[in-house]
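Hello,

Here is the structure I said I would pass on. My notes follow below it.

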Amino acid sequence: MSQQDERPRVDQADLQWCHESVQGVSRTFALTVDVLDEPMSSYICLGYLVCRIADTVEDASHIPPTDQAELLRTYDAVLDPDDDTGAERFASEVEPHLPAEEEMTDDWAVVRDSPRVLQTFQSLPEDVQHAVVPPARELVQGMAEFVERYDDRGGLRIQTRSELEEYCYYAAGTVGNLITNLVTRHDVAADRRRRLYDTAEEFGLLLQLVNISKDVYDDYTAEDNVYLPAEWLRDAGVPQEEIIEDEHEENAASVVRRTAEFAGSFLDDAQTYLETVPLRDGNTLEAWAIPFLLAVGTLRELLSRPEDALSAKGVKISRQEVLAVVTEMRDGGSRDSLEELRREVAAGPYHASPSNAD
Ligand SMILES: CC(C)=CCC/C(C)=C/CC/C(C)=C/COP(=O)(O)OP(=O)(O)O
């Protein structure tokens, strides 16, 4: 029997459950997985869930940092093809940290059911697993390293711009590489492949930095994390522990703006990626153009009211605009129209242009 035949078949009920799980844990990937075709939709769905399990452990402020790091190290061993640590071992180590049944969230249900995610993942084609595992392990190891770096105080306190970039690389640059490994598994010309790997991490950094800029309040109050670099806050005269105090609003907002501008410096690379990415095996332009354009819109809002990122009010674009962007891309948004769409979204809230039927 060939290796292909020996591989367990994908259980359709498990796969369906993975798709439902993504809808509950990530707005970005819920949309993306929806507008990808098969088989890429399932590859990205599983690749994302494998990473999300680590992300949930890393964000858990109720778990002591030394335990968080140990869990992440165990999870890394589970993913390591040369280590025989099984998913059940991770599940039993994490079990004492799970919320009570009546307080179970979608995120923690995926962690609890990690053996089901991993078993489904391991039934995907070998080349798909090879594309996902190295960047996913890099993400997990990076998260463990950050938790260990700050294990004396609990949450993360990013110190410098280069540490911010390092963190974003682990959290999202690796995901850019994971996606690129998946969409370039077949023949791709060398210069095209190079252009994709030259811009994939930057695409991830753009999305992560937009989230960091807009979620300052929630990251601090719910997860005890401050990603705005202490050195930038110092330049603005804001102690890192006082970022959401009213008296520092204006100065802290200037650091939110600086972080958003840093995010904006990666827009051109992300656009190059979109103009280059191969569209085969179920990959679609809209899957990645939608988060790109939503990031452009969120940056627009952030730069006009950075202070909103410092309160429960938060910064977000309207549901109407999200829908208009999704509809535009779904109804035939092309590589040629990207530049123009990016300009329109940056200029003001995007509303679908009237169709002939209107
Ligand atoms: C090459 C390429 C396409 C690169 C981009 C890589 C990528 C999509 C990275 C993930 C970035 C990110 C912060 C997602 C947020 O999703 P979330 O699930 O953490 O949270 P959400 O619910 O806020 O969306």
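Helices α3 (residues 27-35) and α16 (residues 285-304) pack at an angle of about 150° with their axes 8 Å apart, and α3 and α16 are therefore roughly antiparallel to each other. Angles over 145 degrees count as roughly antiparallel, under 35 as roughly parallel, 65 to 115 as roughly perpendicular and the rest as oblique. Axes are lines fitted to C-alpha atoms, for helices over the stretch in contact, and angles run from 0 to 180 degrees between N-to-C directions. Helices are DSSP runs (H or I, at least four residues), numbered from the N terminus.

This is a predicted model, in which local features need pLDDT of at least 70 and side-chain atom pairs count only at pLDDT 80 or more, while totals for chains, interfaces and linings use all residues. Residues are numbered from 1 along each chain as its sequence is written, and side-chain values use heavy atoms, with hydrogens and water left out.

The crossing of α3 past α16 is right-handed (the near helix is turned clockwise from the far one by less than a right angle; anticlockwise is left-handed). On the α3 side the contact (heavy atoms within 4.5 Å) involves T28, F29, L31, T32 and V35, which meet E286, A287, W288, I290, P291 and L294 of α16. By class, the residues of this contact are eight nonpolar, two polar and one charged (nonpolar: Ala, Val, Leu, Ile, Met, Phe, Trp, Tyr, Cys and Pro; charged: Asp, Glu, Lys and Arg; polar: the others, Gly among them).

The ligand is surrounded by 18 residues (a heavy atom within 4 Å), and the closest are S26, R27, T28, Y48 and R52. An N or O atom in the T28 side chain is 2.4 Å from a ligand oxygen atom. For Y48, a polar side-chain atom lies 2.4 Å from an oxygen atom of the ligand, and for R52 the corresponding distance is 3.1 Å.

L46, L49, V50 and I53 of α4 meet S114, V117, L118, T120 and F121 of α8, a contact with seven nonpolar, two polar and no charged residues.

Two backbone points remain. The E38 to P39 peptide bond is cis, with omega near 5°, and P39 sits in the loop between α3 and α4. D224, in the loop between α12 (216-223) and α13 (230-235), has a positive phi, near 60°, in a residue other than glycine.

Regards

How values were computed
Helix = DSSP H or I, 4+ residues; strand = E, 2+ residues; numbered from the N terminus. Polar contact = N/O pair within 3.5 Å; in protein donor to acceptor, adjacent residues only side chain to side chain.
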